[in-house]
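Please keep the structure in view while reading.

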Amino acid sequence: MGNGAGAEEATVAAAQAAVQAASAALKEKGIRYVSVIVPNPPKWPRIFAFTSAKDYKEDLQRRDLYPTMYNMLELDLLQNWAPVRLPAISHNSVVLLGQQGTKPRIQQRLFARGVTHSEGLDSPEAAEQALLKALDELQLAFLDKRVLPTASSYLFLHVLPPLGKSPAQLIDGFEEIMAGLITKHATRLLKLSVDEIEVRVHSQDADGQRQAVRLMASSMGGQWLKTDGYVEYLDPVTGVTTSYCALEDGEEGMCYIEPYPIASELAAKRAVARRIGTTYAYDFLGLFEKAVVTEWQSAISDGSAESMPPNLLEADELLIDDSGSLYRGSRTVGENKIGMVGWHVTIKTPQYPEGRPLVIVANDCTVQSGSFGVAEDEFFDKVSKYARGLGLPRLHIASNSGARIGLADELKPYFKVQWNDPEDVGKGFKYLYLSEEDANRFNPGTDFHGEWLDVPGEGKRYVLDDIVGQKDGIGVENLRGSGLIAGETSAAYSETFTLSYVTGRSVGIGAYINRLAQRVIQMKNGPMLLTGFGALNKLLGREVYTSQDQLGGPQIMLPNGVAHQLAVDDQDGVQKILRWLSYVPKTASEQAAIAPSSDPIDRKIAFQPTKAPYDPRHMLAGTTAADGSWLGGFFDQGSFTEYLADWGKSVIVGRARLGGVPMGIISVETRLVEQRIPADPANPASRETVLAQAGQVWYPDSAFKTAQAIADFNAAENLPLIVFANWRGFSGGTRDMFGEILKFGSYIVDNLRTYKHPVFAYIPPNGELRGGAWVVIDPTINEEMMEMYADSNARGGILEPPGICEVKFRKPDLIKTMHRLDPQLQALQAELAIVVDSPGSEEEADALRASIEQRENSLLPLYAQISYEFADLHDRPGRMLAKGVIRDVVDWPNAREYFAWRVRRRLRQDALVSRLKAADSDLKHADAVAVLSSMMDGDWEDDKAVLAWFDSADAEIDAKITEVRDEAVKRTVFNLVDKLSDEAKADLLKSL
């Protein structure tokens, strides 16, 4: 081929002329396709195709394709999309951009289609390589300016070598491989908007017989990239596929003309969701399934699980019948008429391999921007009450525009204006009205209120006082509904586990119910707002804010403690949801499951807290030493997750497992941290404020964070709590007193007092607990649940040694101690006594006094240290234990094993105590414990022995509980009967 801009056109024209000149002969011979290959060194040869269907003109769709490629890529199936070729990386691939509709409802699809001659594509490694190549093609295509951000992507691969497996084996293998690949590459698949992956393969039996199989991972049915497989049946003459049949239990099931349903409306909904940066509500079920696969893969790799069970996710949609009752059912995806959908989902996780239930309620942002109208509020309320009634975790997937706003559109074409001066409308108007004819189109007094007015020369008109409208859900009724779901969410938080995942913008009531659920995971594209930035700019009268993120993006909601975690995309968000659920029990009335752990309970803790500031996360989770070795922390390796990390940084809160037992964690930052308060763009004089916060001190934000975490752990998470207590006290400066440090510190006491699960306060090595910091976590706040411990190298007291010595070991006491202990001072003092008694020795006495003073001054720093040591001896664990303020001294290396058995024992013991108290409501906690301890012959203080006894004495304990219940009933009956008159007693006895 020649060079230059017109060389290609000239070559095509010459070839086309030559082919068309021979068209009669070609038709006579039945030749329908002519392919012309033109050398193009040093580049790849060019290929031009001329078909009889186009009267032997060039077919642009076949350019640079080998003659068989067009059919192998099944490009004829794309004609409805009028595809345009885009540059491709591989010679065996074609990338096309298809488009339907007109602005603003344009739908675009990217088709990346390829063939491969490679064998072994039924292995995970080869399949992953093929997928990555296809994603690379899409990555390049999205750089083309013609491709809209809302375009969806479809991948197709035709595998030419046959595979020596049956169709059923190929489909099963595909489902297993794709589950792992979709999970592994979910972030990239979401970013590239992949809605379908299609693979055409051929199975081959021992006799060499082939069978075409179509393997699909499609979102067309509603669930994101749901895997399936079909057996193809071809026309024996044309080779065109006539039907696709699903395999059910290895046998042919339902057959289709197409391998999957075409759902353009569904694609349009996905495009709407992607336009605002989120995922279509129904697609979250697919994301959950992929994330569960990741959980199992991780559990299998770390040895805590052996194999993955089938049917990881089952979902029933929550629907409302004609009577207004909620029920579990199903319907075609996208048929919802309101902007709210919900599901009852059962997920098999490594913690609950038999399956755990979850209730999901989600805004559908494709219906009126996900706004809350009356119907949406009522649906949300019913779903939340459903979850609350069963005690099931309730997840809200939030992407909305707040309470729905509207006007009576039916009146817009008809109302008229009574001007003050019709000749000069600038003078304003008196009222709005409807003509008699227009008013009678509606129902005056019902659709609107006002009064009839007779106007000379015109007749009657209806002067409007207020407008009701014919449609419900355009005004204050929506606010009433918002109040309904706000109250319901508040109630749900106190009765079951609530979590909000903010996947898109959440406005007004949408933001409030996220906060009312208390636990929030925010996606980076999901701002939480009370008012949009445009409305605020109008209110301020100038362009102040430029984006929603300035008002409620992650840079605002993470540092202020509204959002607990940040998700980079929806797949990451779903994985964080499942991670949080892994610490949560099945229902609000149960304890979280003790999950299998590959980290031995009796492992020694390798990381050693130091006197110098250190990262306390290493103490909790472990860390890698400088030589590359692993220094294990307190909790099971890999189980710690931090929450609220950007708020109240002087305190660390999180969740982890100890010997497989989920626990809530509160620890203390020992290093200097900073609190940043952003400048307000609406106030030109404001500046960003950076406040330094010392380690081991509670500030207003970190005290509030502590109280909030305690409330969250207690509310339906049912987590035992461990506090690594290392506080020197509360910050009491002017700023912090004004910042309500007293209030938030008191909240800690309030929430510990009502805590319903075991609480362990442990002062770690080189840690100290002093003053008010001790007071707010002292076990006497909740003696039934709280216990305190200390490491042998920990300290506890009212003031630090230098502080208490300023008050109780002042300079006179130091000097007195010097004179009692220092031989040189004693000698000088004795000599002075002799000299003083001798006449005429004043000068010598003065010299001795000077020597004594000089000696005292030289010893003062040393004896100050001695006084500190003396005071420090009062703060050590031995005195704490002697005074009964701690339960035990636990050395740090063994603390993991000690508390692992202790928390298991407390959970079992408290469960039995609850049963005893339920049998006899007059029984106190201590009395119930005494009943159990009296039944055991062994050492009641040995946690492992007590646990073993609990396991072996089930029948004995059950019998005792029955006995306690019987005695309680007898006592109650006796007390009731004793209050009866003699005549009533006699009647009662007769009736019995």
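A charge sits over a ring if NZ of Lys or CZ of Arg is within 6 Å of the ring centre and within 35 degrees of the ring normal. The model is predicted, so that local features need pLDDT of at least 70 and side-chain atom pairs count only at pLDDT 80 or more, while totals for chains, interfaces and linings use all residues. Residues are numbered from 1 along each chain as its sequence is written, and side-chain values use heavy atoms, with hydrogens and water left out.

**Charges over rings**
- Arg 461 is placed over the face of Tyr 433, 3.8 Å from the ring centre.
- Arg 905 is placed over the face of Trp 940, 4.6 Å from the ring centre.

**Aromatic pairs**
- Rings of Phe, Tyr and Trp (its six-membered ring) pair if their centres lie within 6.5 Å; planes under 30 degrees apart count as stacked, over 60 as edge-to-face and the rest as tilted.
- The whole structure contains 35 aromatic pairs.
- Phe 635 and Phe 724 form an edge-to-face pair, because their ring centres are 6.2 Å apart and their planes stand at 85 degrees.
- This pair joins distant parts of the chain, 89 residues apart: Phe 635 is in the loop between strands E28 and E29, and Phe 724 is in strand E35. Strands (E, at least two residues) and helices (H or I, at least four) are DSSP runs, numbered from the N terminus.
- Phe 635 is buried at a relative accessible area of 0%, and Phe 724 is buried at 1%. Buried means under 20% relative accessible area, exposed over 50%, and partly exposed in between (1.4 Å probe, protein chains only).
- Tyr 789 and Phe 899 also pair edge-to-face, with centres 5.0 Å apart and planes at 85 degrees.
- Tyr 789 belongs to strand E39 and Phe 899 to helix H27, 110 residues apart; both residues are buried.
- One aromatic cluster includes Phe 635, Phe 724, Tyr 789 and Phe 899, with Trp 892 also among its members.

- Thr 641 lies in strand E29 and counts as buried at 9% relative accessibility.
- Its side chain makes a polar contact with the side chain of Tyr 583 at 2.7 Å. A polar contact is a pair of N or O atoms within 3.5 Å; within protein, one must be able to donate a hydrogen and the other to accept it, and residues adjacent in sequence count only if both atoms are side-chain atoms.
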